[in-house]
Amino acid sequence: MDVHRFELTASPHIKGPDSTPRIMWSVVATLVPVVGAAIYWFGPSAALVITTATVGCVVTERLFGPGGTLRDGSAAITGVLLGLTLPPGIPLWMAFVGGFIAIGLGKLVFGGLGQNVFNPALLGRALLQAAFPDDMTTWPAAVEHWWQLRGDNFALPLTSADPTVALTGATPLGQMKFEQIPTEAVDLFMGATSGSTGETAAVVILAGGIYLAVKKYLNWRIPISILLTVAVLSQVAHFVDPDRYPGALFMLFSGGLMLGAWYMATDMVTSPTTNHGCWIFGAGIGAMAVLIRLWGGLPEGVMYSILFMNALVPFINRATQPRVFGTGEEVVAS
Amino acid sequence: MKAFGVTFRHGVHPPDSKELTEAVQVRRMPFPDRIALPLRQHAGKPARCLVRKGDRVERGDKIAEADGFVSVPIHASAAGTVAAIDWWPHPDGSLAETVVIDVEPFSPQIPRPRSVPHWEGLSPDEVRAAVQEAGVVGLGGAAFPTHVKLSPPPDLPIEWLLVNGAECEPYLTTDHRTMVEHPERVHFGIRIMMQCLGVERAVIGVEKNKPDAIAELERSLPEDLDVTVMPLTVKYPQGAEKMLIEVVTGREVPSGKLPMHVGAVVQNVGSIATIAEVFETGLPLIERIVTVTGPGLRKPANLIVPVGTMLVDVLEFCGGVTDDAAEIVFGGPMMGTSQPDMRTPIIKGTTGVVVLTAAHVKPKRTYPCIKCGHCLDACPVFLNPSELGILAQAGRYEEMERLHLLDCMLCGCCSYVCPSNIPLSQMFALSKKALRKRAAA
């Protein structure tokens, strides 16, 4: 008999089909149609911005990460998601810096994958928003030709965009907030509005999110509770003052809510591990987003609500630990 | 019996992979040339050796006696000569004191004549003594002495006898074949146990992926006893004692307590059939049904194997392993133990031998915990494996104990679902060991 070497491992000796890289790359795959929609609506600018943000993330992970972590796909997700939250006309160097911040300050300083408190993509965006408030709120208007850039993408590093190059428009939320002009629901649903590259086509985001939920690559309780809370609260406000406050449909499909609810809040690392916790987490995000949108100084608040609730995740987890089998209620033999 | 769910919460759905052997009739394997009988084959104290090197033993002779109440004797599973009493590889991975017997090549292997007690005339105490004397232990894997389960303290009334035919481990079909081929024997064993325990009700829980077993058991139901067959959802670990009790009775066994605290005694189908055999033939537990299977084995089979048969003999009888065989597991793939040594004997608690190929062995690379929460959704006792894993890596065992580590039954669900391939149940096994050590120190 030949010498046959056998493995010696601990039980269980078989393994389920899911793996961390598989989850991560599935998320990236479902983002491809979202990127496609972004390019459809915003032309080459969207492609440039998303690519640059992704390159920024991947390069940072490669240079400063623990090594061999590019294959798990988490840096790529952060990059694509960050790109999708940026205005199409933003200078590319800012998108690159955003990627660097997202991975460097958002993830690696905490200890890499699984250790970060805040959603890295949103942290990157938040810092960009603080550093470059003008460029981060310059939204493109409609252009004549699809291939036209939607802004001064090629502004030199460390310079702001040339305001004469940008054709500025307003986002539906901005129009609603500052001018009380509503937008057609159909346009919101399909994405024919102004805004960040990836936040406009709700229908594509919804399709990808539902696929991930079915595969259990995201916890469906989070997006559902966010959307439910937003719908209920905004509808109540709408009943109170229909002129000032938009209806639920507008609130659900405008701005970054869909992208935030399905792709940002559901980041496994920065969301609660317990199912009860996910309900609380989602409801908190929804309530806060409505508060900021309707009564805050900003037209959009999804990013800040998610970051805020990220910070509460450890507390939510602690408060919603499952009841261990055979504890709690007294079981008496009769 | 109303409003019972047919399953418990959480758990996992590994592919059951039973098609290799579920329809294969149980065959008897010829006696090997040599058998190795460890003195420690059951939970509790190891048996005390009664033979010496050079002694001649007949099949069925007692070679080691029970050492205390939670202990059972060991019997020779073949006639022959004691070749050695020495350290020998044990299925749990250690070396254990073992009686090695050179089997007499031309022996007819007929046991000494013995009187078979008529069970109806025996008091419960005498039944228990007979069961202990026959060396009967739970055949589902843990090998807990059966007579101990038959002796609940008088202040704990027992209402239910639960017969565990779930066999939720992938690949294994020993209980399945027992129920299909010997339903009467199962019912006879149930009758003895019910009388001994003084219970009125017995429920046989069988997973729905064994419709032929359910049909056979229902066909042969005794008319004078309250015995029901309950088809259960196919889900791992449906056969775990606590899960089965919850499904059938609706009661949770309190943390740190035994099934008898909620009025239930759970016994595996194979052990019950063994009790029946003891009172049919008078023979002690010297052989058992073992499923020898897996994608890495040439001829999978269900075999009656003398206890103490070595792994190499079993594999040889089943046509040997394929070229891509990568791992050999005693028991099921979820809770079984890897075997590196070909001389390791099949013992009383060995339910199966599963040969996995490289494609089926789990990957080695692990990733950081991404807090996905899948382990929380899998844990059948509602622990937080994700957090326990982080504490285990930091060696914070006392904190783990506060988070109910001791309720973990090492079923492996968390490791099975973990996308980052973190060896959670292995870490918990080690942490439990560390806690025990600290408690003893």
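Predicted model: local features only at pLDDT ≥ 70, side-chain atom pairs only at ≥ 80, totals over all residues.
Colleague: How do you know how helix 1 and helix 2 of chain A are arranged?
Modeller: Two packed helices are described by the angle between their axes and the distance between the axes. Here the axes of helix 1 (residues 20-64) and helix 2 (residues 74-85) of chain A come within 4 Å. They cross at roughly 145°. Helix 1 of chain A passes helix 2 of chain A in a right-handed crossing. The residues of that contact divide into 18 nonpolar, six polar and one charged.

Colleague: How do you know where domain 1 and domain 2 of chain A lie?
Modeller: The bounds come from an automatic or database domain assignment. Domain 1 of chain A covers 19-169, and domain 2 of chain A covers 170-318. Their C-alpha centres are 20 Å apart.

Colleague: What makes up the contact between these two domains of chain A?
Modeller: A contact needs C-beta atoms within 7 Å. By that test, 35 residues of domain 1 of chain A touch 30 residues of domain 2 of chain A. Helix 1 of chain A gives the largest share of the domain 1 side, 14 residues. By class, that side has 26 nonpolar, eight polar and one charged residues.

Colleague: What makes the interface between chain B and chain A?
Modeller: 57 residues of chain B are in contact with 34 residues of chain A. On the chain B side, strand 15 of chain B supplies the largest share, five residues. That side divides into 33 nonpolar, 17 polar and seven charged.

Colleague: Why are strand 2 and strand 4 of chain B said to stand at the edges?
Modeller: The open sheet has four strands in the order 2-8-7-4 (chain B), with antiparallel pairing. Strand 2 (34-38) and strand 4 (56-57) of chain B each have a single partner strand, so one side of each has no neighbour in the sheet.

Colleague: How do you know that strand 2 and strand 8 of chain B pair?
Modeller: Pairing needs at least two bridges. Strand 2 and strand 8 (residues 95-103) of chain B have five, in the antiparallel sense. The bridge partner of L37(B) is V99(B).

Colleague: Which sheet of chain B has parallel pairing?
Modeller: The open four-stranded sheet with the order 11-10-9-12 (chain B). Strand 11 (226-232) and strand 12 (264-268) of chain B are its edge strands, each pairing on one side only. Strand 9 (residues 160-165) and strand 12 of chain B pair in the parallel sense over five bridges. There V163(B) has Q267(B) as its bridge partner. Helix 4 (residues 183-197) of chain B packs on this sheet, and its direction makes about 150° with that of strand 9 of chain B.

Methods
Residues numbered from 1 in each chain as written. Chains lettered and ligands numbered in written order. Axes fitted to C-alpha atoms, helices over the stretch in contact; angles between N-to-C directions. Helix = DSSP H or I, 4+ residues; strand = E, 2+ residues; numbered from the N terminus. Left-handed = near helix turned anticlockwise from the far one by under 90°. Nonpolar A, V, L, I, M, F, W, Y, C, P; charged D, E, K, R; others polar.
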